[in-house]
Structures are given as structure tokens and as C-alpha cells.
Amino acid sequence: MLRCVANHWMAFKRYGEPLLTRTIRDFTMERDDDRTRALEKAFGHARQHLEGERTRPVGATATGAELRRRLGHLLTDAGIPAARVIDDLARDVEGGLLGSTGGRFFGWVIGGTLPAALGADWLTSAWDQNAAIHACSPAEAVIEEIAGEWLKDLLGLPAEASFAFVTGTQAAHLTCLGAARHSLLRRLGWDVEEQGMPGAPRIRVLTSSERHGSVERALRLLGFGTAAIEHLPCGEDGCLPPETLARALATGGDVPAIVVLQAGDLNIGAFDPFAALIPIARKHGAWVHVDGAFGLWAAASPSHRHLTAGAALADSWTCDGHKWLNTPFDCGYAFVRDREAHRGSFSHRTSYAPAAGDARDQIDWNPEWSRRGRAVPTYAAIRELGRQGIAGLVERSCAHARELVTRIGALPGAEVAWAPVINQGLLRFQDERAGATDEDHDRRTDTVIQGIVATGEAFFGGTTWRGRRCMRVSVCNWQTGRDDIERAVEAARQALDATRPPS
């Protein structure tokens with residue numbers, strides 16, 4: 001028996017082992033070749049996409065039905081080579097992507113992607129780390145530590161504040177308002193993490209009529225419900241008047257409150273008067289949260305920093321990187337003054353996720369567990385631009401927004417509904433027929449927007465502001481320049497001409 005086993009072993013060593021070694025080597029080489037070919041294909045298609053920004057239509061040209069037909073391949077039993085998958089994908093999405101990476105996209109507050117941020121994002125995918133705890137990726141944990149400190153410095157926030165890298169302001173609201181809920185209920189002796197929301201003491205949420213819908217969604221997810229929200233009317237400037245907040249807080253008795261303020265609202269970029277409002281909220285023991293999705297970046301600009309005066313007095317703040325910092329999606333930031341409330345809302349410990357000394361575990365500060373290294377592109381973007389580059393990006397964007405609104409607003413049939421305070425402005429297009437109503441003006445506004453997008457030269461979006469349809473102008477792409485402004489103004493001129501009634 002032993003002799004038989006020995007003979008088989010000798011045969012394997014002589015014939016089988018070399019064959020197995022060659023098979024493993026061949027498989028490894030083939031796998032590496034597949035990966036290399038797929039990456040080379042992806043780089044080629046990405047480069048072609050970015051180089052086509054100047055000539056490709058800014059709006060999508062393919063219909064949903066076309067995209068479903070192209071992308072709806074049969075699910076096969078056998079797979080296909082990775083390089084072919086990439087080729088097919090790049091071909092099949094043609095016409096279904098917006099030109100939001102280029103300089104003529106002015107629809108929503110969507111930035112492009114800086115070169116260093118794009119390259120860093122590719123590296124993040126190649127590294128494929130789970131940036132949940134320090135032990136999973138010490139380098140990405142330290143990058144997050146450093147980038148978080150840089151952000152607080154750039155945005156003028158308290159050095160002692162904690163921070164989290166999340167998917168965007170929606171998740172940042174969830175994070176910050178979760179910390180607010182923890183803090184306010186703890187004062188009343190209620191452990192919300194253990195006892196939950198059923199039976200918890202009531203919390204009021206006071207915000208302005210111009211709040212973003214992501215605030216409501218966060219409150220729903222946290223168990224407050226929209227019934228907890230009290231919408232306070234803004235003034236003509238789009239800001240919350242101090243006397244309005246003072247009256248509302250005075251009627252609340254001993255019920256704890258969260259006050260949500262705006263740093264750059266959705267339509268006109270209005271900034272609430274923080275220096276006046278926050279002391280009023282403090283007097284009533286309220287938690288103050290600042291929605292600064294894009295507007296908080298004004299603090300990085302010497303020319304616009306005055307708009308955020310007093311914002312650092314708040315308890316929590318949100319901001320996005322994929323807006324004005326021009327990082328790839330998805331990248332948002334949450335900041336909380338009370339570190340213990342922040343950590344108490346989200347921290348979780350397990351026996352298989354050990355803490356490493358003084359290391360910062362990212363899972364303690366955000367609602368995600370498995371997550372990519374979201375801080376890496378932010379780190380790269382800040383290093384690429386520096387303080388002066390970030391300030392210049394903010395200031396150029398604001399100047400471009402003012403020029404777009406002023407020049408388009410001066411065209412026949414157009415009017416300026418709101419001149420930009422920062423990078424957001426509104427335009428309205430009049431129906432020039434005698435006796436035209438507001439509904440007629442609304443229709444022409446939407447028709448002109450569609451006409452501009454149809455030219456392929458620029459992309460703007462519509463909004464309803466104070467009961468009237470307007471075209472929203474939003475500028476935050478690092479590439480927007482003189483030629484982009486000229487092309488957008490000419491596209492607006494063409495769309496207005498095409499919708500003008502016969503004389």
C-alpha cells in the first residue's frame with residue numbers, strides 16, 4: 001500500500017506537478033491579460049468621452065427605449081471577455097449620458113471632475129479597499145483623517161468638530177440630524193439608540209420655506225416624520241428673518257428644537273443671517289444645523305466669505321465635494337461640533353473589527369459599513385488646487401453665473417428673475433403676445449429651456465420659484481470658460497428666436 005502511494009506521488013512529481021504549475025501560470029497570465037486589456041479599453045473610452053466634451057451635445061440624445069434595447073442583452077450562461085464587456089458598454093450608452101463633466105452644463109449644482117480627483121478615484125477602485133475601519137486600510141483611514149482636517153480649515157469650521165465622508169448631503173443630513181437627535185433626547189434622559197423613537201419626547205424641527213427636500217427625507221428616515229417640521233416664511237431676500245425665528249421658538253415651551261438654516265439655497269443661493277439667527281436659537285437651547293451643500297464653499301473665497309459669517313457658531317454642517325470641489329460622485333461631508341453625540345449615534349464595535357490604538361475608525365462617524373475610500377479624491381482635489389485654486393474656482397463660477405444671467409436676461413423676451421448672489425441665478429422668458437398671462441409666460445419659459453437643450457450647446461434646468469416657472473443657472477464646473485459662456489448665450493438667443501410669435 002505504501003509502495004503504491006509512493007509510486008503515485010513520484011508520478012505526480014514527474015508529470016502532474018509541472019502540468020499543474022503550467023496550468024496555474026497560464027491561468028494567472030490569462031487573468032492578468034484580461035484585466036490589463038479591460039483597463040486599457042476603459043482608459044481609451046474614458047479619454048474619448050472627455051475629449052468629446054467640446055463637440056458632443058450637452059443633453060442626452062438617446063431615448064429610454066433605445067437605451068433599453070441596446071443595454072438589454074440576454075443573460076447568457078457563459079460569460080464574455082472583460083474587454084468586450086467594456087467595449088459594448090461604452091457603445092451602448094452612447095447618447096444616454098449628460099455632458100455634466102464639461103463646461104457648458106448649468107442645469108443642477110453638478111461639478112465636473114478635476115484631473116487629480118479622477119485619477120485618485122481610479123486608484124481607489126483599483127486598490128478596492130473597504131474604508132470602514134483603520135484595520136481594513138490604514139492608508140485610506142489616514143487620508144480621511146487628513147482630508148477632514150483640511151476641509152474644516154477651508155470651510156471655516158471649528159477645529160474640534162468631528163467629520164464624516166458620506167455619499168452626499170442627503171446622507172450628511174442623516175448623520176448630522178442623527179447626532180442632533182441623540183444630543184437633544186439625551187438631555188431628557190432618553191437613550192434613543194437603545195429605546196428607539198416610539199414613546200420618545202417630541203422634538204420640533206424649524207426650517208425655512210426654502211429648505212431642500214433632502215432635509216425632509218433625512219427626518220423621515222430618523223423617525224421624526226414630516227409632521228415635526230415647522231416651515232417658517234422667508235423674506236423677499238430668500239432668508240429667514242431673525243424675528244420670525246424668535247417668535248417661533250418662543251411658542252415652543254420646553255420642547256427641544258432643531259433649527260435648520262441655509263448656506264446657499266437651491267434656487268437663488270441665499271444665505272441665512274447666521275450671526276443673528278444662531279444666538280437666538282442658542283438662547284432657546286436649540287441645535288442649529290446648516291445645510292451648506294454647495295454654498296458653504298463660499299467660505300473658501302475671500303470675496304464671498306462674508307456670506308458665511310457666523311455659520312461656525314452652529315452645531316452641525318453639511319457640504320458636498322461633488323459639487324464645487326469637483327470630485328467624482330458620490331462625495332459628501334458631515335461635520336458635528338459635539339463629537340460624543342456624533343460618535344454615539346453611529347459607533348459600533350464587533351469582536352472581528354479591532355480598534356488600533358489611536359486610529360480613527362471611519363465606521364464610528366457615518367451610517368455606512370462597507371464603503372469605498374471616498375476621501376481619496378477629496379484629498380487629491382485639495383492638493384491639486386490648494387487654497388488659492390479653490391478660491392479661484394469659486395470666484396470664477398460666481399462671475400460666470402452673473403455674466404450668463406445678465407447677458408441672457410438682456411435678450412429680447414427674457415428677464416432676470418434673480419441676479420446671482422453666488423453661482424445661482426434665475427431667468428424667465430416672456431410670452432410676447434398681447435394679453436399673455438403668467439401661465440403663458442410659464443409655458444414659454446419651459447419651451448425656451450427645451451429649445452436651448454435641443455441645440456446641444458448648453459444644458460439648463462427649470463424650477464418653480466415663488467409660483468413662477470424660471471430657468472435656473474448654476475455654474476460650478478472647473479472647466480467653464482469664455483467660450484462656454486458665448487456658446488450658451490447664443491443657444492439662448494436661438495431658442496428665443498425660434499419661439500417668438502410671427503410679427
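Predicted model: local features only at pLDDT ≥ 70, side-chain atom pairs only at ≥ 80, totals over all residues.
Q: Which residues make the contact of helix 9 with helix 10?
A: Helix 9 contributes P242, L245, A246 and L249, while helix 10 contributes A276, L277, I280 and A281. By class, this contact has eight nonpolar residues, with no polar and no charged ones.

Q: How many salt bridges does the structure hold?
A: A salt bridge requires a side-chain nitrogen of Lys or Arg within 4 Å of a carboxyl oxygen of Asp or Glu. The structure holds 42 salt bridges. In one of them, the side chains of R428 and D442 meet at 2.6 Å, N to O. This pair links distant parts of the chain, with R428 in strand 9 and D442 in helix 13, 14 residues apart.

Q: Are R428 and D442 buried or exposed?
A: Buried means under 20% relative accessible area. R428 is buried at 1%, and D442 is buried at 17%.

Q: Where do R487 and E457 lie?
A: The side chains of R487 and E457 form a salt bridge of 2.9 Å, N to O. R487 lies in helix 14 and E457 in the loop between helix 13 and strand 10, so the pair ties together parts 30 residues apart in sequence. R487 is buried, at 18% relative accessible area, whereas E457 is partly exposed, at 25%. R487 and E457 are also linked with R54, R104, D483 and D484 in a network of salt bridges.

Key
Residues numbered from 1 in each chain as written. Heavy atoms only, no water. Contact = heavy atoms within 4.5 Å. Helix = DSSP H or I, 4+ residues; strand = E, 2+ residues; numbered from the N terminus. Nonpolar A, V, L, I, M, F, W, Y, C, P; charged D, E, K, R; others polar. Buried < 20%, exposed > 50% of the residue type's maximum accessible area, 1.4 Å probe, protein only.
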